Amino acid sequence: MPITPWKLIVVHLITVTGFSCCFRNDVIPEDDPRIPAIAKYFSTKGRYEEVNPHLIEDILAVNRSVLQPPFAQCREIHVTAIIRHGTRYPTVKNIKKMQKLYELVKSSANGKESWLREIKSQWTMWYTEDMDGRLVQKGVSDHKHLAVRLSKLFPSLVSEEKLRGGFIQFITSSKHRCVNSTLSFKAGLTELWDIKDQEFDHAVNDALMRFFDQCTRFLDEVDNNPTALTELDKFKQGPEMRRVQEKIADRLGVPYNSVTDVMAEAAFYMCAYEFAIKTVNSPWCRLFDEVDAKVMEYANDLKQFWKRSYGYDINSKSSCTLFHDVFSRLNKAANENQSGQQVTEAVTVQVGHAETLLPLLTLLGFFKDSEALTSTNYATQTERSFRTSHMLPYAANLLLVLYDCGGGDLRLQPLLNEKPVTFPGLTEQQASMPLYQDVKAHYRELIQGCDFETECQLFKNPAEL
């Protein structure tokens, strides 16, 4: 039997490499031995299933009642889906950190626990540097399954007719894990409808999906600025993180000074990656209890807050190009629909990174707490809304769904990870599925301004002119 292009892709991948929702979150017992007790704290290294636990039982489960349009006659006319790539291998940088931890444990750990004996005698360091962030087979499944679920959530838009007719557009970052996620998403649809006589293109657009690489001011003031993450650096040297390191040292039976904050991070990654990639409850997970995991999650949240979110204004403003692109597509769909034409782009699928989604979510005002995350307010931030474990697992997605409710009544519904969220700043009555004109009015300043070129250029001090 001939190998299809999709099968070739799979072979390549294997060898080269707080929301309201109708679903109950207790469908899987918390003491399920397959799932690490700390799995819900893995931040951007977490599985999509921890955000939507009902998927553990049925990976294709959807419930259209979560959409709840205000009127029965409302029909969706366009959806923009901005999606993070699927589960991936660690980058070389993190693999090197994990290698150092593994060498320390092999050479120096002397605890008597069975899980530690398992690490020392049975576990082998299977991560290799050539893996370097590549999509894994679980990442292929993440996007194939998401595609099928979206076809069930929005059957009139994500349909075989719309795909064959060229009404579904695919855009991706140039990174291999994003391109392969896009191929996987498309394969989810073509396999669902058994399409073998037609292929579907995608466009690579880093200006949209990797805007952060092209924003000079962000690169200068944040990404390459050694002082930009001062709050994270202070937290890593603070009492909460020090206690985590001491507990890891105690469990391993090694001196306190041998377990650094980098080692603690590597140990957390050892647990998180093995679970995300292989669905294995790794013995490395036993180095942490829930108290420790919450500290590690906060450290990760501090990093994302200051490097990609509310910490600095340029973090969100760097996403101006993507923001305008989203509203341009929504406006085009709205105008075509109101003039009686067929909407020419029913679905836009844009695949990028956590670093693509978070600045845009920030620009839109989602998950903004009353106080900034700092190195000293860990204890008072336990109920924070800014929690990347909930926001940005692998295959995280922001869906913006435009509805025609009749008589020129256009409405826009945002969903994050397939669950309805509310636009910040809109009244409760407006918020769940507000009038599209109200959303545009709410973001008027950004729509009229938020110019990428202006925001991202480096401003000289007047004294230097």
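Glutamate 191 and lysine 144 form a salt bridge whose closest N and O atoms are 2.9 Å apart, a salt bridge being a side-chain nitrogen of Lys or Arg within 4 Å of a carboxyl oxygen of Asp or Glu. Glutamate 191 lies in helix 8 (residues 176-192) and lysine 144 in helix 6, so the pair ties together parts that are 47 residues apart in sequence. The structure holds 29 salt bridges. This is a predicted model, in which local features need pLDDT of at least 70 and side-chain atom pairs count only at pLDDT 80 or more, whereas totals for chains, interfaces and linings use all residues. Residues are numbered from 1 along each chain as its sequence is written, and side-chain values use heavy atoms, with hydrogens and water left out.

Helix 6 (residues 137-153) also lies across strand 1 (75-84), strand 4 (347-352) and strand 5 (397-404), running at about 165° to strand 1; helices (H or I, at least four residues) and strands (E, at least two) are DSSP runs numbered from the N terminus, and angles, from 0 to 180 degrees, are taken between N-to-C directions of axes fitted to C-alpha atoms, for helices over the stretch in contact. Helix 16 (residues 320-338) packs on the sheet as well, touching strand 1, strand 2 (168-172), strand 4, strand 5 and strand 6, where contact means heavy atoms within 4.5 Å.

The sheet itself is open and has 7 strands in the order 3-2-4-1-5-6-7, with mixed pairing; two strands pair if DSSP finds at least two bridges between them. Its edges are strand 3 (203-204) and strand 7 (419-420), each of which pairs on one side only. Strand 7 pairs with strand 6 (residues 410-416) in the antiparallel sense over 2 bridges, and in strand 7 lysine 419 is the bridge partner of leucine 416.
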